[in-house]
Amino acid sequence: MSETSVDMNVRGPIGLVTLSAPDRRNPLSLSTMRSTTRILRQLSDDPSVRVIVIEAHGPAFSAGHDLSEMVDRMIDDERVIFEACSELMATIHEVRPPVIAQVQGMALAAGCQLVATCDLAVAADTARFSTPGVKIGLFCSTPMVALTRAVGRKRAMHMLMTGDMIDARTAVDWGLINQAVPAAELASTVIELASRIADSSADTLAIGKRAFYDQIDRTEPDAYELMTQVMAANAMTGDAQEGMSAFLEKRPPTWTT
């Protein structure tokens with residue numbers, strides 16, 4: 001299936017979302033962001049899809065927003081673009097399956113934001129990351145939201161104020177990505193990771209993902225209060241009862257989802 005410059009494919013339990021405008025470095029145009037949001041929700045509604053991978057064709061993962069859409073526009077036009085971007089990022093956290101970024105090349109500005117927003121991220125060791133908006137007079141304020149939460153205040157401020165590029169090894173060290181691997185091993189590494197995640201109960205993963213984002217910005221006492229209720233409800237689900245019984249009986253579990 002192809003919509004604008006985004007492709008969708010389902011391979012077993014893995015839903016693939018592919019940015020497919022390599023000649024333009026996969027910009028996050030308004031149509032691309034809207035299509036990606038729609039595809040993510042469509043994959044989330046498919047019970048056979050247990051993990052979603054966002055990948056890209058070409059030398060760049062994404063160069064960020066399509067600047068040609070942002071010149072000589074009215075303020076309402078600019079708001080529409082950034083609202084669509086915020087909706088895309090929120091959708092990544094809201095959809096049921098875990099979302100993994102498979103980063104084969106440069107991820108700049110909103111492209112870096114996309115990587116920071118995904119639940120997990122694996123990159124080629126040649127990948128690079130930056131938020132260079134300051135260099136063109138457009139501070140990366142919306143990428144800052146995800147970036148700060150991924151790498152912390154001082155590191156995010158350095159990237160935002162300088163626009164400096166960081167390499168994949170630094171991105172791992174700073175917590176922007178989970179792992180950097182040789183480019184030739186990137187796809188297989190992501191598939192292996194996605195397959196391991198897909199072996200777990202889909203309902204349990206969905207409960208855990210939702211709970212993670214619900215508690216992450218709360219105070220510690222509030223987070224414990226909420227997670228106590230979440231975990232108690234989780235323990236009552238069929239898959240949790242099956243998993244605990246299987247562990248006690250020393251047998252593999254049989255998930256219902």
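## Overall fold

Helices (H or I, at least four residues) and strands (E, at least two) are DSSP runs, numbered from the N terminus. By this definition, the chain has 10 helices and 11 strands. Its radius of gyration, taken over C-alpha atoms, is 19 Å, close to the 18 Å that the globule rule (2.2 Å times the number of residues to the power 0.38) gives for 257 residues, so the chain is as compact as a globular protein of that length.

This is a predicted model, in which local features need pLDDT of at least 70 and side-chain atom pairs count only at pLDDT 80 or more, while totals for chains, interfaces and linings use all residues. Residues are numbered from 1 along each chain as its sequence is written, and side-chain values use heavy atoms, with hydrogens and water left out.

## Dimensions and contacts

Along the principal axes, the C-alpha atoms fill a box of roughly 65 × 40 × 35 Å. Contact means heavy atoms within 4.5 Å. Among contacts between residues at least 6 apart in sequence, 70% join residues at least 24 apart.

## Burial

Of the 257 residues in the chain, 44% are buried, a term that means under 20% relative accessible area (1.4 Å probe, protein chains only).

## Isoleucine 207

Isoleucine 207 belongs to helix H8, which spans residues 202-215. Isoleucine 207 is buried, with a relative accessible area of 17%. Leaving aside residues up to four places away in sequence, isoleucine 207 touches Val230, Asn234 and Thr237.

Isoleucine 207 and glutamate 55 are 152 residues apart in sequence, and their C-alpha atoms are 25 Å apart in space.

Key
Buried < 20%, exposed > 50% of the residue type's maximum accessible area, 1.4 Å probe, protein only.
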